[in-house]
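Please look over the sequence and the model shown here.

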Amino acid sequence: MQRRFANPFQKKGLPNRYSFTLSSLSQAVITEIHLHPPSPSQHRQKRQVLLFFKFLARKEEKKKMRLILMKGHERPLTFLKYNRDGDLLFSCAKDHTPTVWFADNGERIGTYRGHNGAVWSCDVSRDSMRLITGSADQTVKLWNVQTGAQLCTFNFGSPARAVWGPLNRTIVSAGEDAVIRIWDSETGKLLREADKESGHKKTITSLTKSVDCSHFLTGSLDKSAKLWDTRTLTLIKTYVTERPVNAVAMSPLLDHVSKNKYEQHNLYAIPFAPNCIFP
């Protein structure tokens, strides 16, 4: 199969002197194009051609997806999380042992041992130096990502989930007791709890934060999702559904949240702009 490409000089306002016909790029990746002989007036044009075909090669190369099989956990997975740079992948499972992997090749870097129950969630700091994990053993643990050392343990009366607060100075936790708490990440001190009147009435099944950590979202078996201010733990808005909420998510680009319901496969996107009204 032959592929013919438009003249790369035409959009640059240069003379329409060349056209190129190449074999399918799915068979090979182009790394360089030579114009011979290169006169002084052709140097700039040669550079444009090089960049043009290198771009086409990269675009074609992106279509080639490579499956990476990561083997390490002995029980079902419960949660996955990339770090901010996207080069590390953290996984949680029912085997009690969170694991960190190289994202590009799937190589296992290490594990974090200390939980005595299924690990339901994890979150990594912006600098990828500290990791927090929430477990069915009724604890949230803070880890050194590089060494695997356990730095701190937060004890609860029920299984919990946790995410980092603004600037990684605080940790937000929530769990089966339906209480949302904010902790000091350095001292482990409890800073505040959410008001029980405005909080969830049943188990909190999901906890996620906004990109800037200024807000976080919770989903619960009480058939609602709630949006909170991270610094003050003030309830901003409540989203009511007809079924228990299994998972929630916040768009990193738009003012929308999503919630997934038990016994349904529908995903609902709901704007949380201040001027919106919800039943």
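To find pockets, a 1 Å grid is laid over the protein atoms alone; a pocket is an open set of points where a 1.4 Å probe fits, with protein on both sides within 12 Å along at least five of seven lines, and its lining residues have an atom within 4 Å of a point. This is a predicted model, in which local features need pLDDT of at least 70 and side-chain atom pairs count only at pLDDT 80 or more, while totals for chains, interfaces and linings use all residues. Residues are numbered from 1 along each chain as its sequence is written, and side-chain values use heavy atoms, with hydrogens and water left out.

The largest pocket has a lining of 32 residues, and those nearest its centre are Phe79, Lys81, Asp123, Thr208 and Lys209. Two or more lining residues come from each of strand 3 (77–82), strand 7, strand 11 (160–164), strand 15 (204–209) and strand 19 (245–250). Strands here are DSSP runs of E with at least two residues, numbered from the N terminus. The space in this pocket is about 690 Å³, a volume being the space filled by probe spheres set on grid points that are joined across faces, edges and corners. The lining divides into 15 nonpolar, eleven polar and six charged residues. In this scheme Ala, Val, Leu, Ile, Met, Phe, Trp, Tyr, Cys and Pro count as nonpolar, Asp, Glu, Lys and Arg as charged, and the others, Gly among them, as polar.

Next come the charged pairs. The whole structure holds five salt bridges, each a side-chain nitrogen of Lys or Arg within 4 Å of a carboxyl oxygen of Asp or Glu. One of them joins Lys209 to Asp123, with 2.7 Å between the closest N and O atoms. This pair links distant parts of the chain, since Lys209 is in strand 15 and Asp123 in strand 7, 86 residues apart. Asp123 is buried, at a relative accessible area of 2%; buried means under 20%, exposed over 50%, and partly exposed in between, with a 1.4 Å probe and protein chains only. Lys81, Asp123 and Lys209 together make up a network of salt bridges.

Arg181 takes part in two further pairs. With Asp177 the closest N and O atoms are 3.0 Å apart, and with Glu193 they are 3.1 Å apart. Arg181 belongs to strand 13 (residues 181–184) and Glu193 to strand 14 (residues 190–193), twelve residues apart. Arg181 is buried at 14% relative accessibility, whereas Asp177 at 29% and Glu193 at 40% are partly exposed.

Two strands count as paired if DSSP finds at least two bridges between them. Strand 7 and strand 8 (residues 130–135) have five, and Val119 has Ser135 as its bridge partner.

Where does strand 17 (residues 224–229) lie? Five of its six residues are buried, so strand 17 is largely enclosed by the rest of the structure. Strand 17 pairs antiparallel with strand 16 (residues 215–220) over six bridges, and His215 is opposite Asp229. Three residues separate the two strands in their hairpin, where Lys223 has a positive phi near 70°. Strand 17 is also joined to strand 18 (residues 235–240) by five antiparallel bridges, with Leu227 opposite Lys237. That hairpin has five residues between its strands, and Leu233 in the turn has a positive phi of about 60°.

Methods
Helix = DSSP H or I, 4+ residues; strand = E, 2+ residues; numbered from the N terminus.
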